[in-house]
Amino acid sequence: NYGAGVIAAIMPVRGRADQTARNVKRLLATAGRVEWQLWCVTGGEPELATVLHEAGCKVMAYHRPLTYWEALKWGTDSSSDAPFIANLANDLLPGRDWLSRALAEYRCCFGTRDAMIGFNDGIHGEGLSPHFLISRGLLNQLGGWPIWYRHEYGDAELCARAQALGVYSKAPWAVLYHDHPFVAAENDDAIYQEGQASREADAALFMERRRQGWPRVSP
């Protein structure tokens, strides 16, 4: 037992009310024996906030839509002072004990050090984890959530920088399967299309920041 509120799991949410409610219930039911809280961050969607309250998670409602990384920053700043943070999304299918297994793997690999453990999303290899458990200390050391990206490549930057510091690993049995439409050869919905629209710009920014040695960005 690592104490009450050891993990704050932050899920930026936009639209997809029914899907998200089902996801929330499954995340809560399968996390395993671990002290944590699930926070959903919405932007300008009061009906969605109501649905999520009913599903059993805590909801933080911003007055306008936020990017994924902005929502994580606002949610992290506003939710709690938990020493660990997990970044989630509403298109994940959690496996059994997904969160307790990640924390156990973290302790096994890094003990009490500031570090990052990636979840197994069923798509990416060991060097990239779109969703992960990170210590607040490491997140602060890396400059916080990378709000300079519109949607993609923020995870790639954080993973690359954690690997360079020797404080990244992946938990193979902590499963948060990324249930993206392309896996089933289906078309993206409007929300996915919005995220994909900035892919080239985000990729170019990632390459430039890596070339420059990841310069710190003022808040």
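Helices (H or I, at least four residues) and strands (E, at least two) are DSSP runs, numbered from the N terminus. The model is predicted, so local features need pLDDT of at least 70 and side-chain atom pairs count only at pLDDT 80 or more, while totals for chains, interfaces and linings use all residues. Residues are numbered from 1 along each chain as its sequence is written, and side-chain values use heavy atoms, with hydrogens and water left out.

Side chains of opposite charge can pair when their charged atoms come close. Here a salt bridge is a side-chain nitrogen of Lys or Arg within 4 Å of a carboxyl oxygen of Asp or Glu. The count by this rule is seven salt bridges. One of them joins Glu157 to Arg161, with the closest N and O atoms 3.0 Å apart. The two residues lie four residues apart in helix 6, so about one helical turn separates them. Glu157 and Arg161 are both buried (buried means under 20% relative accessible area, exposed over 50%, partly exposed in between; 1.4 Å probe, protein chains only).

A salt bridge also links Glu208 and Arg211, whose closest N and O atoms are 2.5 Å apart. Both residues belong to helix 8, three residues apart, so they too are separated by about one helical turn. Glu208 is partly exposed, at 32% relative accessible area. Arg211 is exposed, at 61%. Salt bridges with shared partners also join Glu157, Arg161 and Arg209 into one network.

Glu152 and Arg199 form a salt bridge as well, and their closest N and O atoms are 3.3 Å apart. Glu152 lies in the loop between helix 5 (136–141) and helix 6 (154–164), and Arg199 lies in helix 8 (residues 199–211), so this pair ties together parts that are 47 residues apart in sequence. Glu152 is buried, with a relative accessible area of 15%. Arg199 is partly exposed, with 40%.

Aromatic rings were treated next. Rings of Phe, Tyr and Trp (its six-membered ring) pair if their centres lie within 6.5 Å; planes under 30 degrees apart count as stacked, over 60 as edge-to-face and the rest as tilted. The whole structure contains 10 aromatic pairs. Among them is Phe84 with Tyr106, an edge-to-face pair with 4.9 Å from centre to centre and 80 degrees between the planes. This pair links distant parts of the chain: Phe84 is in strand 4 (residues 84–87) and Tyr106 in helix 4 (residues 98–110), 22 residues apart. Phe84 is buried, at 5% relative accessible area. Tyr106 is buried too, at 0%.

Trp98 and Phe119 form a tilted pair, with centres 5.7 Å apart and 55 degrees between the planes. Trp98 belongs to helix 4 and Phe119 to strand 6 (residues 116–120), so the pair ties together parts 21 residues apart in sequence. Trp98 is buried, at 0% relative accessible area, and Phe119 is buried at 1%. Ring pairs also link Tyr68, Trp69, Phe132 and Trp145 into a cluster.

A charge sits over a ring if NZ of Lys or CZ of Arg is within 6 Å of the ring centre and within 35 degrees of the ring normal. The charged end of Lys58 sits over the ring of Trp39, 5.8 Å from its centre.

Cysteines complete the survey. A disulfide is a pair of cysteine sulfur atoms within 2.5 Å. The structure holds zero disulfides. Cys40 is in none, and its nearest cysteine sulfur, that of Cys57, is 3.3 Å away. Cys40 is buried, with a relative accessible area of 0%. Cys159 is buried as well, at 1%.
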